[in-house]
Amino acid sequence: MGGSERAKMAAGEWYCCIDPELERMRERAYEAVHEHNSLPPGRRGNVGPALAGLFAAMGKDVRIEAPFHCAYGVNIELGDKVYMNAGCTILDTGRVRIGASTMFGPAVQIYCAEHHKDAGLRAAGLEIARPVTIGENVWIGGGAIVLPGITIGDGAIIGAGSVVTKDVPAGVTVVGNPALPLQDTSDR
């Protein structure tokens, strides 16, 4: 393991998040997020130019309601017509890919950082970044949490308040903590 902490983070290796280069990146994201969250009412939902320029990729007709928060922004890729309701947070230490026409309810949280299990190493800032991939036409209900390393397939539904601890196949609805597949009761 060698190189800068940023290079280690990008490579999916253990890295120290208490690092001057990573701090500068977080400060840049804070400034872009502040600009976005301060847009006047007539531009509500539009993505602020600094935030749009920070993202790794952003499709057309993306709407992000304020307030919004991200850790770095540079690891976020958004497809066309992605919609995030107010209060969403993406802690993008790893790559976060969100497919076209995916919608988030309010206060959805996506986490990529997995902190070290050893208390001393955790206190020293050691963590590893796990990517999160969300397919197209996914609905994530308000207050849901998506943990590091998760993949959610196209057309899946995540129930409000759910905590997603395992991958969700395409077209499946999951609910609860931990999120589990919803049993179809339509034929009962």
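Analyst: Let's begin with Glu77, which is partly exposed because its relative accessible area is 22%. The scale behind that word runs like this: buried means under 20% relative accessible area, exposed means over 50%, and partly exposed is in between, using a 1.4 Å probe and protein chains only. Keep in mind that this is a predicted model, where local features need pLDDT of at least 70, side-chain atom pairs count only at pLDDT 80 or more, and totals for chains, interfaces and linings use all residues. Residues are numbered from 1 along each chain as its sequence is written, and side-chain values use heavy atoms, with hydrogens and water left out.

So who does Glu77 team up with? Its side chain meets that of Arg97 in a salt bridge, at 3.2 Å from N to O. Glu77 lies in strand β5 and Arg97 in strand β8 (residues 96-98), so this pair ties together parts that are 20 residues apart in sequence. A salt bridge here is a side-chain nitrogen of Lys or Arg within 4 Å of a carboxyl oxygen of Asp or Glu.

β5 and β8 belong to an open sheet of five strands, in the order β2-β5-β8-β13-β16, with parallel pairing. The edge strands are β2 (57-58) and β16 (151-152), each pairing on one side only. Two strands pair if DSSP finds at least two bridges between them. β2 and β5 (residues 76-78) pair in the parallel sense over two bridges, and Met58 stands opposite Leu78 in β5.

Back to salt bridges: the structure holds eight. Arg26 counts as buried because its relative accessibility is 13%, while Glu23, at 34%, counts as partly exposed.

Helix α1 (residues 5-10) has a pair like this too, with Glu5 and Lys8 three residues apart, or about one helical turn. Their closest N and O atoms are 3.0 Å apart in a salt bridge, and both Glu5 and Lys8 are buried.

Key: Helices (H or I, at least four residues) and strands (E, at least two) are DSSP runs, numbered from the N terminus.
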